[in-house]
Amino acid sequence: MTSDSTPSSSRAVAIGIALTLAGMLMFAANDTLGKWLVGTYSAGQVLLIRSLAALVVLAPFLWRGGRAAVLRPARPWLQLARVVFATADAFFFYWAVAYLPLADAMTYWMAAPIYVAALSSVLLGEKVGWRRWSAIGVGFLGVVIALRPSAATLTLPALLCLLGSLAFALSIMTARALRGTPDASLVAYQMIGGLIAGALIAPGQWVSPDPLSFLLLSLLGIVAMVAHVCVNRSVKFAEASVVMPFHYTLLIWAILFGYIVFDDVPHPATLAGAALIIAAGLFIFFREQKLGKAPQPQSLAPTDPA
């Protein structure tokens, strides 16, 4: 193998980091566009059109190389559970960002790896030592600080954010159990789930999109697919421990785009909570790496929930 393809080479590491940064930028831009669109179109309609567009783009690749895996999935009930969790995650995200600042919503979703660490002990019987339990506690404290519990802040959108981030965590856990499934199949199932959910929800709140809006709604699914490819490819060039910290640039972009596009200024408590969540998430990740039990990087990373 040449030095250009060796994960430890400086060029390969640079490519991995660049792919990660590009993926996070695309995710943030995509989420900003999604927040703008749900000001006019319902979450169900956004889910329907983005899923349809993604499947249209994905169909030729599945037909040439992966249709057998899609038609005959391994562990179908677990695949179904993952689709349900991923669809709920996307729907709650689009619903929540219609009412909340983008940075607030992304802060809650970034807590997903912390939920995974906590739920792994309860649902999977994995041993979690006191160091990781301490990090889990710090992460949950960060969520509470960012949420700022009070009669004024415990709104339905905020609660939906918490439900959505929990659904995201459960989708990560099921994805960990389905590592043998090709990426294209996992994406296809997720988009089919979104298509079905959108088709059931959207008709009651349908707003006919103009050609430009239809194009933008379609771009949500296509750009998200490209961003996922960038993130997945990044760990082919660099170690997960190298690229993982760069996933949190997603929050920086969310704050910047939220301010530029929507004039949102993050509350200091949101920033403080986000800092604790990021610190706890990174500690848990590197601790699992040290113990030799780190999940697949693309499954643990706090990438775009939708």
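Let's start inside: Ser-51 lies in helix 2. This is a predicted model, where local features need pLDDT of at least 70 and side-chain atom pairs count only at pLDDT 80 or more, while totals for chains, interfaces and linings use all residues. Residues are numbered from 1 along each chain as its sequence is written, and side-chain values use heavy atoms, with hydrogens and water left out.

**Overall fold**
- The chain has 13 helices and zero strands, where helices (H or I, at least four residues) and strands (E, at least two) are DSSP runs numbered from the N terminus.
- Of its 306 residues, 51% are buried; that label means under 20% relative accessible area, with exposed over 50% and partly exposed in between (1.4 Å probe, protein chains only).
- Take the contacts (heavy atoms within 4.5 Å) between residues at least 6 apart in sequence: 89% of them join residues at least 24 apart.
- The chain exposes about 13,800 Å², with 71% of that coming from carbon and sulfur atoms; areas are from the Shrake-Rupley method with a 1.4 Å probe, and for residues only the protein chains shown count as cover.

**Around Ser-51 and the cavity**
- Ser-51 counts as buried because its relative accessibility is 1%.
- Setting aside neighbours within four places in sequence, Ser-51 touches Met-191, Gly-194 and Leu-195.
- There's one cavity of 30 Å³ or more, a cavity being a set of points on a 1 Å grid over the protein atoms alone where a 1.4 Å probe fits but cannot get out.
- The largest cavity comes in at about 50 Å³; grid points are joined across faces, edges and corners, and the volume is the space filled by probe spheres set on them.
- It has 10 lining residues, and the closest to its centre are Leu-47, Arg-50, Ala-90, Gln-190 and Gly-194; lining means having an atom within 4 Å of a point.
- Helix 2 (43-71), helix 3 (76-97) and helix 8 (183-201) each give two or more residues to that lining.

- Val-265 sits in the loop between helix 11 (249-262) and helix 12 (268-290), and it's exposed because its relative accessible area is 64%.
- Asp-263 isn't a glycine, yet its phi is positive, near 60 degrees.
- Most residues other than glycine have a negative phi.

Note on methods: 1 Å grid on protein atoms, 1.4 Å probe; cavity = no way out; pocket = protein on both sides within 12 Å on 5 of 7 lines; lining within 4 Å.
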